[in-house]
Amino acid sequence: ARYREALERQPDQPAALLGLARLLADRDPGESRALLERALAGDGLDAEAFLGVLRRLELDSESERIELLGRALQVEPTSGALALELAKRIEERDETDPRVLELARRAVRFRAGEEAELLLSRARGKSEPQGG
């Protein structure tokens, strides 16, 4: 109820949009997804709140999840957490995808922690030409 009240006062408030989206993720995935879209269209995004919704929300495909993460990273380009999550998802699909290395570097640059450092190390190993 509080999130809805906040949205009545400020219809595009990202915190309220993401809070309500998180609450609705299990009960009403369609509405949750619509709120997520509205949050992505606004200014500023709480990366951790976005990731919380995205982890709970059941989507049709992993491609859809990757696309949403990419859009979120465009809104918040300095989010190490978003870069790390996107890199991990892409790596699961294709560990040689060059985007993994780029995103892992970004995740490390923006202090996403030890997991980002490990991913960067793996990505570097995959991108370096194998000696013969």
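Student: Which residues in α3 meet Phe50, Val53 and Leu54 in α4?

Tutor: Those are Ser32, Leu36 and Leu40. Keep in mind that this is a predicted model.

Student: Okay. At what angle do α3 and α4 pack?

Tutor: Helix α3, residues 29–41, and helix α4, residues 47–56, pack at about 155 degrees, and their axes are 11 Å apart. That makes α3 roughly antiparallel to α4, since angles over 145 degrees count that way.

Student: And what is the hand of the crossing where α3 passes α4?

Tutor: Left-handed.

Student: What about α2 and α4, how far apart are their axes?

Tutor: The axes of α2, which covers residues 14–24, and α4 are 9 Å apart, and the angle is about 20 degrees. So α2 and α4 are roughly parallel to each other. Their crossing is left-handed.

Student: Which residues make the contact there?

Tutor: From α2 you have Leu18, Ala21 and Arg22, and from α4 you have Ala49, Phe50, Val53 and Arg56.

Student: While we're on α4, is Ala47 buried or exposed?

Tutor: Ala47 lies in α4, and its relative accessibility is 12%, so Ala47 counts as buried. The cut-off for buried is under 20%.

Student: What is Ala47 in contact with, leaving aside its neighbours within four places in sequence?

Tutor: Ser79 and Leu82. Also, Val75 is 28 residues away from Ala47 along the chain, yet their C-alpha atoms are separated by 9.5 Å.

Student: New topic: α8. How far apart are its end C-alpha atoms?

Tutor: They are 20 Å apart. Helix α8 has 14 residues, 114–127, and at 1.5 Å a residue it should span 20 Å, so the two values agree.

Student: Which residues of α8 are buried?

Tutor: Ala116, Leu119, Leu120 and Ala123. Looking down the axis of α8, you find them within an arc of 105 degrees, so they line one face of the helix.

Student: And what do the buried residues of α8 pack against?

Tutor: Two helices, α6 (80–93) and α7 (98–109).

Student: Let's go to α6, then. Why does Glu91 count as buried?

Tutor: Because its relative accessibility is 16%, and the cut-off is under 20%. Glu91 lies in helix α6. Apart from neighbours within four places in sequence, Glu91 is in contact with Val100, Leu119 and Arg122. Leu119 is one of the buried residues of α8.

Student: Last one, Arg111. Where is the place of Arg111?

Tutor: Arg111 sits in the loop between α7 and α8. With a relative accessible area of 75%, Arg111 is exposed, as the cut-off for that is over 50%.

Student: And what is phi of Arg111 near?

Tutor: Phi of Arg111 is near 55 degrees, a positive value in a residue other than glycine. Most residues other than glycine have a negative phi.

Conventions:
Residues are numbered from 1 along each chain as its sequence is written. This is a predicted model: local features need pLDDT of at least 70, side-chain atom pairs count only at pLDDT 80 or more; totals for chains, interfaces and linings use all residues. Side-chain values use heavy atoms; hydrogens and water are left out. Helices (H or I, at least four residues) and strands (E, at least two) are DSSP runs, numbered from the N terminus. The expected span of a helix is 1.5 Å times one less than its number of residues. Buried means under 20% relative accessible area, exposed over 50%, partly exposed in between (1.4 Å probe, protein chains only). The arc is that of the directions from the helix axis to the C-beta atoms. Contact means heavy atoms within 4.5 Å. Axes are lines fitted to C-alpha atoms, for helices over the stretch in contact, and angles run from 0 to 180 degrees between N-to-C directions. Angles under 35 degrees count as roughly parallel, over 145 as roughly antiparallel, 65 to 115 as roughly perpendicular and the rest as oblique. A crossing is left-handed if the near helix is turned anticlockwise from the far one by less than a right angle, and right-handed if clockwise.
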